[in-house]
Amino acid sequence: MKRKPTRRVAVIGAGLSLFMRRALDTGKELAYYAASQALQTAGIRLKDIQAVVMATAPDAFDGVHMKGEWLLDGAGGVGKPYLRAYVGGGSGVFSIISGWMMVASGVFDLVLVVAEEKMSSCQPHPQGAFLTIFDHIIERPLGPNLLWIFSLEQQRYMAAYGIRNEDIALVSVKNKHNALAHPAAQVAAQLTVKDILDSDVVAWPVHRLMVSPISDGAAAVVLASEQVARRLSDRPIWIQGVGWCLDTSYWGNRDLAYPRYVEKAAWMAYEMAGVTEPRKQIHVAEPYDPFAYKELHHLEGLQLADRGQAPEDLARGRFDRTGELPSCPSGGLMGVGNPIAAAGLMKVCELFWQLRREAGARQVPGNPERGVAQAWGDLMQIGTVAVLGVR
Amino acid sequence: MFKGLTNVAAARVWHGTMPVQYLYTAGVAGERFFQTLRRKGVFAVTTCAECQVTYLPPRLYCERCFADLSEAWAEVAPSGRVHTYTVVHEDQDGRPLDPPQVVAFVRIDGTSGGLIGRLLHLRPQDVQVEMPVDAVLAPPRRRRGSMDDIAGFAPRRVLPRRPTP
């Protein structure tokens, strides 16, 4: 971080649709539910919004080419400057980074940020849309899919640090349990490690209950400049730092045991936020957990656990909702669900509610003053990070 | 420098496909539109009183002010005026269409929107912009609640008198 942005940006409202396996509602309708709720909690109307950011992942999910534009009216973007933020699975957190740029730059004072995904459209499985993300000549002849790649990565992570699958299954147990307290959750459950490991092996070592579900859903937040935020809100939550970084597009050239790109993105955000000791200065974390091991991987990349030590920290309760550093108190993607871009923004919504102490039954104890949300995506190579705080 | 390939036919190619299909839902507003069309043969629309916009296809919300329109339903007759049209001479594969097909965008009366449809029962040379048309619907028991229930639009029986030169 070479330069500090001159204008501060706050989140002043948040909204979420239900996350579900198949919604009758169109993606536009889901986006409208989340966006109108965010405006309502911010106490403003659509006419007050000066620009709109829409995050939504591959067109192939909804089955609408250029779906960012198609979703325009549900996101409240008609007749306004509008931007689609799209970095695959990382889009949800990237959406507030994009909105932050619009406000921090001084161009706009009030920006609506919406994220949507309707994955149920894609048949026979959204996985099919991912078959073409691999190199079409070198890799595709073998027919790899995302589950293979995740399984290969998890196995490398386990081998590098001597981690057992039981340790990783505990992420599913924790997050599905946390999601029991989330009113929008799709796959909340009270399960044991045995239940997780008894579920089908999808691609060893990944079992079915270690994978997030297919979901339809939307999320939204309202961003405001400092002056406007102070006028409209008595409890604005500040975006203290943002960061993002992409690793090589060749997944075979990455460090599979450690997400260096997440570390780089995290330090960019931490430096902007003035965070020098993340483990002391971050009080609540929402790392991206599309697969169980990913939360652990990302906690390490976010500097919130030593390399290879996140599983041990998890086992001793450090990441429980009542633990030393609550991680995914929302229930995460493993519990609330995974409408890709919306899931990332759901994590930002969760920090907003946690830091305002409005998270109800999910509220982490103490007085959390700063949190970090992270998402991951593109060709399995991007880390997107946002640090939010009460001042 | 790489030597440029001058003979394109010599370039090897790999074939690929994106193997997905879709199941779309019409949505809350869309489902009501199609059920109303199937049962009653009319168009369900929503109206934002404040913005004075009547949405067809219907929306659950006003796209201008975000008002909730889930209780703001009305029904209109399936008729309107030809707003613009084209005469299609070739199909998507470039084969000649005989006779050519007339496709119009029809503004539906009493709404701020409209629908695309085939113009039926007239010769291409008889189409006029602003000509009043009525939807030709499938018989009630054959309607399934989809766009196929609308076979097209046909000139209203009583045509307005042409202005005399």
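This report describes strands, domains, cysteines and aromatic rings in a predicted model.

The model is predicted, and local features need pLDDT of at least 70, side-chain atom pairs count only at pLDDT 80 or more, and totals for chains, interfaces and linings use all residues. Residues are numbered from 1 along each chain as its sequence is written, chains are lettered from A and ligands numbered from 1 in the order in which they are written, and side-chain values use heavy atoms, with hydrogens and water left out.

**Annotated domains of chain A**

Helices (H or I, at least four residues) and strands (E, at least two) are DSSP runs, numbered from the N terminus.

| UniProt annotation | Residues of chain A | Helix and strand | Distance between end C-alpha atoms |
|---|---|---|---|
| domain: Thiolase N-terminal | 27-186 | 42% helix, 12% strand | 17 Å |
| domain: Thiolase C-terminal | 254-389 | 40% helix, 14% strand | 32 Å |

**A strand inside chain A**

Strand S2 of chain A (residues 51-55) has five of its five residues buried, so it is largely enclosed by the rest of the structure; here buried means under 20% relative accessible area, exposed over 50%, and partly exposed in between, with a 1.4 Å probe and protein chains only. In a regular strand the side chains alternate between the two faces of the sheet. In S2(A), A:Ala51, A:Val53 and A:Ala55 point one way, while A:Val52 and A:Met54 point the other way.

Two strands count as paired if DSSP finds at least two bridges between them. S2(A) pairs in the parallel sense with strand S4 of chain A (residues 110-118) over five bridges, and A:Val52 has A:Leu112 as its bridge partner there. S2(A) also runs parallel to strand S3 of chain A (residues 82-85), joined to it by four bridges, with A:Ala85 as the bridge partner of A:Ala55.

**A sheet in chain B**

In chain B, an open sheet of three strands has the order S3-S2-S4, with antiparallel pairing. Its edge strands are S3 (53-55) and S4 (73-76) of chain B, each of which pairs on one side only. Strand S2 of chain B (residues 43-48) pairs with S3(B) over three bridges, and B:Thr46 stands opposite B:Tyr55 in S3(B).

**Cysteines and aromatic rings**

Over all chains, the structure holds zero disulfides, a disulfide being a pair of cysteine sulfur atoms within 2.5 Å. The sulfur of A:Cys349 is 14 Å from the closest cysteine sulfur, in A:Cys328, which is too far for a bond. A:Cys349 is buried, with a relative accessible area of 0%, and A:Cys122 also counts as buried, at 2% relative accessibility.

Rings of Phe, Tyr and Trp (its six-membered ring) pair if their centres lie within 6.5 Å, and planes under 30 degrees apart count as stacked, over 60 as edge-to-face and the rest as tilted. The structure holds 15 aromatic pairs over all chains. One of them is the edge-to-face pair of A:Phe61 and A:Phe130, with 5.4 Å from centre to centre and 80 degrees between the planes. This pair links distant parts of the chain, 69 residues apart, and both A:Phe61 and A:Phe130 are buried. B:Tyr61 and B:Phe66 form another edge-to-face pair, at 6.1 Å and 75 degrees. B:Tyr61 is buried, with a relative accessible area of 2%, and B:Phe66 is buried, with 7%.

Note on methods:
UniProt positions are given in the numbering used here, feature names are shortened, and annotations may be inferred rather than shown by experiment.
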